[in-house]
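Let us walk through a protein fold step by step. Keep the model in view as you read.

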Amino acid sequence: MLKKSFKVDSLKVNVYDTRKAMGAAAGEEASAYLRSLLQTKDEIYMVFAAAPSQNEFLSAVAASDGIDWKRVHALHMDEYIGLPADAPQGFGNYLRRAIFDRLPFASVEYLNSYGSETEAMENYDRIIENHHIDVVFMGIGENGHIAFNDPHEADFHDPKRIKKVALDNVCRNQQVHDGCFRTLDEVPEYAITLTCPTLFSADRIFCVVPSGEKARAVEETVKGPVSEKCPATILRKHPAATMYVDAESGKYIV
C-alpha cells in the first residue's frame, strides 16, 4: 500500500508499506510506461541496474504482459573489473538470471563480454553515442551512488559517457551487506560505470530503493543539497524521475 507520495524539486517520491508492495507498484508503473512508449517508437534502448534491491521490481516487470520485448535493446549500467566471466556476482550475470534470459530482447549488450575493459567501454560508448537512452531502471547505494559513481568519482558534468572507477569502502561493504560477497577482501576495487550525465540523459528514470541500510542515503537524496557528495541528489533535477522506497528505506522522510 502507498503510504505517502510527494515531490521534491522535480523528483516524485513514493513510499510504500512493504518492500513487496514497493516492487510491485514500481514494476506496474514501469511496465505501463514501456507499453505506452512502444506505441510511439519502433525500438527503445534501456539501461538496467543489477543488485538484490531490484529483485522484486525486475520480477514484476518480467511478469508483465503486453510489452513487445523484441523491440527493446538492453544495456546495464556498471560492472566489476577482475571477476571471472561466470562469477555469480557479476552484474551481467545477475541480470541474465533476473530478466535478460527470461524475455526475448532485441539485443542485450554485456559489459563483461569483451576482452578488456577498454574494449567494453569503447563498445558501450559507440552504442550510447548512436542510440538515445529512453529509460533507466536504477537504485542508489548506501553512499548515495548512482551506478558506480561513488561520491569521490561522481561528476554531474562528466565529459565521458562511461569510465573506469575506483570503488570506495562504503560501496564495497554494501556488496557484503547485500550478501553478494562474504568479505570485503573479495569485493573488486575497480569497476566500469556509465557516468552521471549518461544516466541523467534518459527520458524516464525509475529508481527503486528498499531496505533500512539505504535510509540515510534516501534522506540525503531528498533533503540534502544537490551535490556530488550524494550523487543521487541529481535525480531531483530530472524532469521525469520517480523514486520508490519502502517503509524501512523511507523512515527518515515520512
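We start with the sheet, move to the helices, and end with the cysteines.

This is a predicted model, where local features need pLDDT of at least 70, side-chain atom pairs count only at pLDDT 80 or more, and totals for chains, interfaces and linings use all residues. Residues are numbered from 1 along each chain as its sequence is written, and side-chain values use heavy atoms, with hydrogens and water left out.

Helices (H or I, at least four residues) and strands (E, at least two) are DSSP runs, numbered from the N terminus. Two strands pair if DSSP finds at least two bridges between them. Here, 8 strands form an open sheet with mixed pairing, in the order S1-S2-S11-S10-S7-S3-S4-S6. Strand S1 (2–8) and strand S6 (107–109) are the edges, each pairing on one side only.

Look at S2 (residues 11–16) and S11 (residues 241–245). They run parallel, joined by 4 bridges. Val-13 has Met-243 in S11 as its bridge partner.

Now the helices. Contact means heavy atoms within 4.5 Å. Helix H1 (residues 19–38) packs on the sheet and touches several strands, including S2, S10 and S11. Helix H4 (residues 117–130) lies across S3, S4 and S6.

Last, the cysteines. A disulfide is a pair of cysteine sulfur atoms within 2.5 Å. How many disulfides does a search of the whole structure find? The search finds 0. The sulfur of Cys-171 is too far for a bond, because the closest cysteine sulfur, in Cys-180, is 11 Å away. Cys-171 is also buried (under 20% relative accessible area, with exposed over 50% and partly exposed in between; 1.4 Å probe, protein chains only), at 0% relative accessibility.

Technical notes: Axes are lines fitted to C-alpha atoms, for helices over the stretch in contact, and angles run from 0 to 180 degrees between N-to-C directions.
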